[in-house]
Amino acid sequence: MPSALNEGDVVTPSVSVVICAYTEQRWDDVLAAVASVQAQSLDPHELIVVIDHNADLHARLARALPDAIVIENQEARGLSGGKNTGVAAATGEVVAFLDDDAVAGPEWLRTFAEGYADPEVFGVGGLTLPWWATERPRWFPEEFDWVVGCTFTGRDPGRVRNLLGGNASFRRVAFALAGGFPTHIGRTSARERPLGCEETEFCIRLATRRPGARFVYDPRAVIWHRVPVARQEFRYFRSRCYAEGLSKALVTRSVGVANGLSVERRYATAILGRGVARGMLAAWRGDPAGLRRSGAITAGLLSTTTGYAVGTFRGLTAGTSR
């Protein structure tokens, strides 16, 4: 029989890992993501791979991953539906999410599990570093690393309003309290506009329904997210920023402007302002790419603001029509 727990003993929660996949073009990436989960210092309770409405990929991965639970997305096409399907299948106390084109460091799960020693912590997220296909473009500002699914400069460790979806975990009970990820927000396919923010809306909604619930960012939970050549181009940069603005409009329509933009205001004024100044200083010191980084920050902010304005107008006109 197991020994009785003593006062002060820390019980490590069981962690289910969910990876959502949708295309054969990421076959090697998915296998690498799975291998990184299997190599964790803390064994996952289970590994669930959700396939987004692709029967051929589901059959192929089911054969290739006998130690994983490979299931088909039971909800609407897209990342939110896939995550919700994974949550419904999970039996661990905590559910962790890893992108299908990312690999996790060996202490990723253990760091997540340690974060739940505090019963008021309902979500723990980690540091996502870019894994560039070639090398980081010199014009690409670190303040906009979220464009390629990574952690941006200026995100401080500790309590945060929301986690970033590709490297996040939540208590499973959180989904019973707040429901799942919103299927009308977020990306549905690689061919459509790169929307996001489903995890932002979920965190704000959960905090509203469970006052006192906290989310923690712990940079020791590290993953590396692949950045293909196509996402290193300025055209994608602007498109992703515009899509982020559209997504923020959907979030504020769901949870209100005050909650939906509380962090974004500080980001725009403080973090981006420092980034522009830093780029100009670098140019003055002899780095001509500094001006390009400052220009990219300005262009990114304008594109995001434009997307938000367009998304807000669409919401208002849709409401008027109804």
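This is a predicted model: local features need pLDDT of at least 70, side-chain atom pairs count only at pLDDT 80 or more; totals for chains, interfaces and linings use all residues.

Residues are numbered from 1 along each chain as its sequence is written, and side-chain values use heavy atoms, with hydrogens and water left out. Helices (H or I, at least four residues) and strands (E, at least two) are DSSP runs, numbered from the N terminus.

**Helices that meet**

- Start with helix H6 (residues 198-209) and helix H7 (residues 234-255), whose axes come within 9 Å and cross at roughly 15 degrees. Here, axes are lines fitted to C-alpha atoms, for helices over the stretch in contact, and angles run from 0 to 180 degrees between N-to-C directions.
- H6 and H7 are therefore roughly parallel to each other. As for the cut-offs, angles under 35 degrees count as roughly parallel, over 145 as roughly antiparallel, 65 to 115 as roughly perpendicular, and the rest as oblique.
- The crossing of H6 and H7 is right-handed; a crossing is right-handed if the near helix is turned clockwise from the far one by less than a right angle, and left-handed if anticlockwise.
- On the H6 side, Thr 200, Glu 201 and Ile 204 meet Lys 248, Val 251, Ser 254 and Val 255 of H7, where contact means heavy atoms within 4.5 Å. By class, three nonpolar, two polar and two charged residues take part in the contact of H6 with H7. In this scheme Ala, Val, Leu, Ile, Met, Phe, Trp, Tyr, Cys and Pro count as nonpolar, Asp, Glu, Lys and Arg as charged, and the others, Gly among them, as polar.
- Another pair is helix H1 (residues 27-38) and helix H2 (residues 55-64), with axes that come within 12 Å and cross at roughly 40 degrees. That makes H1 oblique to H2, and the crossing of H1 and H2 is right-handed.
- Trp 27, Val 30 and Leu 31 of H1 make the contact with Leu 57, Arg 60, Leu 61 and Ala 64 of H2. The contact of H1 with H2 has six nonpolar, no polar and one charged residues.

**Salt bridges**

- Side chains of opposite charge can pair when their charged atoms come close. A salt bridge is a side-chain nitrogen of Lys or Arg within 4 Å of a carboxyl oxygen of Asp or Glu, and a search of the whole structure finds 18 salt bridges.
- Glu 120 and Arg 210 form a salt bridge, with their closest N and O atoms 3.1 Å apart. This pair links distant parts of the chain, 90 residues apart: Glu 120 is in the loop between helix H4 (108-114) and strand S6 (121-132), and Arg 210 is in the loop between H6 and strand S9 (214-227).
- Glu 120 is partly exposed, with a relative accessible area of 28%, and Arg 210 is also partly exposed at 23%. Buried means under 20% relative accessible area, exposed over 50%, and partly exposed in between (1.4 Å probe, protein chains only).
- Glu 143 and Arg 278 meet in a salt bridge through their side chains (2.1 Å, N to O). They are 135 residues apart, with Glu 143 in the loop between S6 and strand S7 (158-160) and Arg 278 in helix H9 (residues 262-284).
- Glu 143 counts as buried at 5% relative accessibility, whereas Arg 278 counts as partly exposed at 44%.

**Single residues to look up**

- Glu 244 has a relative accessibility of 11%. Leaving aside its neighbours within four places in sequence, Glu 244 is in contact with Trp 146, Cys 197 and Thr 304. Glu 244 and Trp 146 are 98 residues apart in sequence and 9.8 Å apart in space, C-alpha to C-alpha.
- Asp 218 is found in strand S9 and is buried, with a relative accessible area of 15%. Beyond its neighbours within four places in sequence, Asp 218 is in contact with Thr 111, Val 124, Gly 125, Gly 126 and Leu 127.
- Most residues other than glycine have a negative phi. His 53 has a positive phi of about 55 degrees although it is not a glycine. His 53 lies in the loop between strand S2 (46-51) and H2, and counts as partly exposed at 37% relative accessibility.
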